[in-house]
Structure formats: structure tokens, C-alpha cells
Amino acid sequence: MDAEAAAWATVLVHRHLMHAIVRVPTGQWLVQHEPHGSVQLLEGPADVLDLAATIQRQLRTARPDSR
């Protein structure tokens, strides 16, 4: 699960959906939405995956249906 969380963290940062997501040695993750924003602590990789899923849902509901 760590590898999947790391992959999603990379995607979110590269697509500028998050400013930074960093895994710390304790297994927790530091998340920063904006360059000068506060830093949020996520307890583990499952929380990173939940964050990625939440962002995906928000993006899907924000764009018009293209069918």
C-alpha cells in the first residue's frame, strides 16, 4: 500500500492538485495543499489513498458531463 500511496502522491503533486505530500520515517505523511498553507498530518498510506479518491470525486463532479 505504501507504493500505491507514493505513486498517488507523485501524481497529485505533479498535476498541481497538492503542493507537497511527503512520507516521514514514522509511516505518516505530511500534506500541504498550498505553498504557504498549513501542513496536515495523515496517519498512513490509506489516508493518502482516501485523499486521492476525494480529489478525484471532486474533479469528476466539477466538470460537465462530456457524454
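**Exercise 1. Find what links β2 to β3, and how the two strands pair.**

Start with the link: β2 runs on to β3 by way of a hairpin of six residues. Strands here are DSSP runs (E, at least two residues; helices are H or I, at least four), numbered from the N terminus. Next, the pairing: β2 and β3 (residues 39–42) run antiparallel and are joined by four bridges; pairing takes at least two DSSP bridges between two strands. For one spot to look at, find Val-31, which sits opposite Gln-40 in β3.

A word on the model: it's predicted, so local features need pLDDT of at least 70 and side-chain atom pairs 80 or more, while totals for chains, interfaces and linings use all residues. Numbering starts from 1 along each chain as its sequence is written, and side-chain values use heavy atoms, leaving out hydrogens and water.

**Exercise 2. Work out how β1 and β2 pair, and which residue in their hairpin has a positive phi.**

β1 (residues 20–23) pairs with β2 in the antiparallel sense, over four bridges. Arg-23 has Trp-29 of β2 as its bridge partner. Now check the hairpin: five residues lie between these strands, and Gly-27 takes the positive phi, near 95°.

**Exercise 3. Is Gln-32 buried or exposed, and what does it touch?**

Then list contacts (heavy atoms within 4.5 Å): beyond four places in sequence, Gln-32 touches Met-18, His-19, Ala-20, Gly-37, Ser-38 and Val-39.
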